[in-house]
Amino acid sequence: MNALDRHRPLPFDPLYDPMTARSLGPGSAYAPTYWIGTAGPAPADDGPVTRDMDVDVAVIGSGYTGLSTALHLAREHGIRATVLEANGVAYGCSTRNGGQAQISAGRLKRSQWIERWGLDVARGMHGEMVEAFALFRGLLRDPAIDCEPQDGGHYYIAHKAGVLPALEKEAALLRERFGYDARMLSREELFRTAVRDAEAHGALWEADGVAIHAAKLAFGYLRAARGLGATVHPDSPVQGWELKGGVHHLRTPGGTVRARRVAVATAAYATRSLHGRLRDRLMPILSNSVVTRVLTPAELEAVGIRTGSPLTDTRTLRHYYRLLPDNRLQIGSRAAITGRDAANPAHLDALRAAIGRKFPALRGVELDYSWWGWVDVSHDMMPRITAVPDVPGMFYALGYGGNGVMYSAMAGRRLAQLVAGEAVPRLPIFQTELPHEGWKTPFRRLGQWGLYHLYHYRDERG
């Protein structure tokens, strides 16, 4: 048993589904990820809530966003937040992702930003991402946040020749409209300098991309936030939420936390019953990930990964992969539709097949870790960091769509600004709520099933 799970009395539930579950936590073991398996001893926290308490600000969720919110509330506003977590600290997305930080948030490209909002707003959004990456890099320099960063840009790899024209157009747009350092690499240059992905026909290289140890990043944020006076309470799920006289009453198993302001940072893991203003505003999507055994020198030469940077292919149902510092290969992609299908061996077989296509020398390689987790995808593919207009003192940051490793740091800072009553940039992700699907809500998973089949057909045809 890993040190992080030593005091967790309940087994991990691999079939948890936020769209159908009635509760999450407390006491569950962590998902069996590479990150939890190699993070070392758990840092100290403040233990579960054991009594009623009155606080200024409560933060629900102790992943990257929640901990960044607490950190920035203390550092920039002198506010000591109380963080409530349903299970162990960083139990959800923050210890189940691929450890890839890219200069993006949500699922849309810069060209799609222009289509949706126009060039001026798209440039403002790009400026937000640039500032966010600078903030993220600054946090990584904090001695408390030792997460093995590997900085060297992001490689967006064309998995078939047909996507190269669109990729080249996006690279030109980044340079010419946004003044951003992006360039195309030929297959030969990619093989020589970055990776010998047998599927690759070239790649778009972006200057900003950092690979990190996912759990060590979260636990670093925990140490930094608590060092500034925040308190973090694991095994304290919010099981009831009422607003009385301008005060939010958050009922946990150990006591009620009364807070004048509440910031929600639960990503995809909150149940539908957490609060009516949040219900069904996200589409939880499963993502699978595996890590191989340590590769031999001959295998490393055949794979030819000469960078620790994030690598992503151009499939709609993309593969994200990287070489870890201990010479294991990590790769992940989208998987099941429902929690009850998450353990279906077909999803693991699909990742094994992807390894074999990209790296024939690794066909059949042994896997040391396999896990899956939920991604918080918004219905319009972009996150929101906002106040809830008709609920005084309620705020949230949600909807990263799998691109939250980097931007969650800035989202936490922006959320802290909103909680503290300060202005944030006039950009769409701060000015509107997450959209709701209305009458389509009960049919979302049926639509997801159809789209996955369509995406797979488009991704794999010549």
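This is a predicted model: local features need pLDDT of at least 70, side-chain atom pairs count only at pLDDT 80 or more; totals for chains, interfaces and linings use all residues.

User: OK. How many helices and strands does the protein chain have?
Analyst: The protein chain has 12 helices and 19 strands. These are DSSP runs numbered from the N terminus: helices are H or I with at least four residues, strands are E with at least two.

User: And what is the radius of gyration of the chain?
Analyst: The radius of gyration is 21 Å, close to the 23 Å from the globule rule for 462 residues, so the chain is as compact as a globular protein of that length. The radius is taken over C-alpha atoms, and the rule is 2.2 Å times the number of residues to the power 0.38.

User: How much of the chain is buried?
Analyst: Buried residues are 61% of the 462. Buried means under 20% relative accessible area, exposed over 50%, and partly exposed in between (1.4 Å probe, protein chains only).

User: Which residues touch the most others in the largest nonpolar core?
Analyst: In that core of 97 residues, they are Phe 136, Ile 212, Leu 217, Phe 219, Tyr 221, Ile 385 and Tyr 407. Helix α10 (residues 404-419) gives the largest share of this core, 10 residues. A nonpolar core is a set of buried Ala, Val, Leu, Ile, Met, Phe, Trp, Tyr and Cys residues joined through side-chain atoms within 4.5 Å.

User: What does Phe 136 touch?
Analyst: Leaving aside neighbours within four places in sequence, its contacts include Ala 101, Val 210, Val 405 and Ala 409. Contact means heavy atoms within 4.5 Å.

User: Back to α10. Is Gln 417 buried or exposed?
Analyst: Gln 417, which sits in helix α10, is buried, with a relative accessible area of 7%. Beyond four places in sequence, Gln 417 is in contact with His 77, Glu 422, Ala 423 and Val 424.

User: New topic: where is Leu 274?
Analyst: Leu 274 is in the loop between β12 (255-264) and β13 (282-292). At 11% relative accessibility, Leu 274 counts as buried. Not counting residues up to four places away in sequence, Leu 274 touches Val 238, Trp 241, Val 264 and Thr 266.

Definitions and conventions: Residues are numbered from 1 along each chain as its sequence is written. Side-chain values use heavy atoms; hydrogens and water are left out.
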